[in-house]
Amino acid sequence: MQRIGFGFDAHRFSSETRLVLGGVEIPFELGLKGHSDADVLTHAICDALLGAAAEGDIGTHFPDKDPKWKGASSLTFLKDVLSLLGSKGYSVVNIDTVIVCEKPRISPHVAEIRSSLAEAAGLPEGVISVKATTTDGMGFTGRGEGIASYATVLLESSGD
């Protein structure tokens, strides 16, 4: 059996934090505001994985009210989500993502982001796609207020 999941996340920029995408610190004058490391890419992937398995969402598993997750690496979330899904008989077929922002340019960092995600997830890089786009100045990402990310995943299960 195969199951598809879709995830989305968005965070506003902050001058008081660093920018982390897919577990990689991206050199930029602004970071993202959030309870954890505000890694919008990894958060979207986690939500897509959880959604495909009908296991809730990232806020349910890693609530921003819990001080345990303050400043936590979102790669920890990814590992925990994959462990949960593995215990339920799911395996990842592929992960496809899009990062939406005007700045910084993401393309120079795609290979490192894919490698980081693959290592954290215990998956081959070839099953993880990371793309980037802009909104040509439209919306909150176009105005440079933050970054959004989308993720789609395909899971396989040996069970129901």
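Colleague: By class, what residues make up the lining of the largest cavity?
Modeller: Bear in mind that this is a predicted model, where local features need pLDDT of at least 70, side-chain atom pairs count only at pLDDT 80 or more, and totals for chains, interfaces and linings use all residues. Residues are numbered from 1 along each chain as its sequence is written, and side-chain values use heavy atoms, leaving out hydrogens and water. The lining is Ile 45, Leu 78, Ile 95, Leu 117, Ala 121 and Ile 128, and Ala, Val, Leu, Ile, Met, Phe, Trp, Tyr, Cys and Pro count as nonpolar, Asp, Glu, Lys and Arg as charged, and the others, Gly among them, as polar. By class that gives no polar, no charged and six nonpolar residues.

Colleague: And how much space lies in the largest cavity?
Modeller: On a 1 Å grid over the protein atoms alone, a cavity is a set of points where a 1.4 Å probe fits but cannot get out, and lining residues have an atom within 4 Å of a point. Grid points are joined across faces, edges and corners, and the volume is the space filled by probe spheres set on them. The structure holds one cavity of 30 Å³ or more, and the space in the largest is about 30 Å³.

Colleague: Which elements give two or more residues to the lining of the largest pocket?
Modeller: A pocket is an open set of points with protein on both sides within 12 Å along at least five of seven lines. The largest one has a volume of about 240 Å³, and of its 14 lining residues the closest to its centre are His 11, His 43, Ile 58, Phe 62 and Asp 64. With helices (H or I, at least four residues) and strands (E, at least two) taken as DSSP runs numbered from the N terminus, the elements you want are β1 (2–14) and α2 (58–61).

Colleague: Asp 47 has no salt bridge, so which side chain of opposite charge is nearest, given that Lys and Arg count as positive, Asp and Glu as negative, and His and the chain ends are not counted?
Modeller: Asp 47 lies in helix α1 (residues 40–52) and is buried, meaning under 20% relative accessible area, with exposed over 50% and partly exposed in between (1.4 Å probe, protein chains only). A salt bridge needs a side-chain nitrogen of Lys or Arg within 4 Å of a carboxyl oxygen of Asp or Glu. For Asp 47, the nearest side chain of opposite charge is 14 Å away, and that is Arg 3.

Colleague: Where a salt bridge does form, as between Lys 131 and Asp 96, what is the N to O distance?
Modeller: Lys 131 is partly exposed at 34% relative accessible area, and Asp 96 is partly exposed at 30%. Their side chains meet in a salt bridge, and because Lys 131 lies in strand β6 and Asp 96 in strand β5, the pair ties together parts 35 residues apart in sequence. The N to O distance is 2.4 Å.

Note on methods. Lys and Arg count as positive and Asp and Glu as negative; His and the chain ends are not counted.
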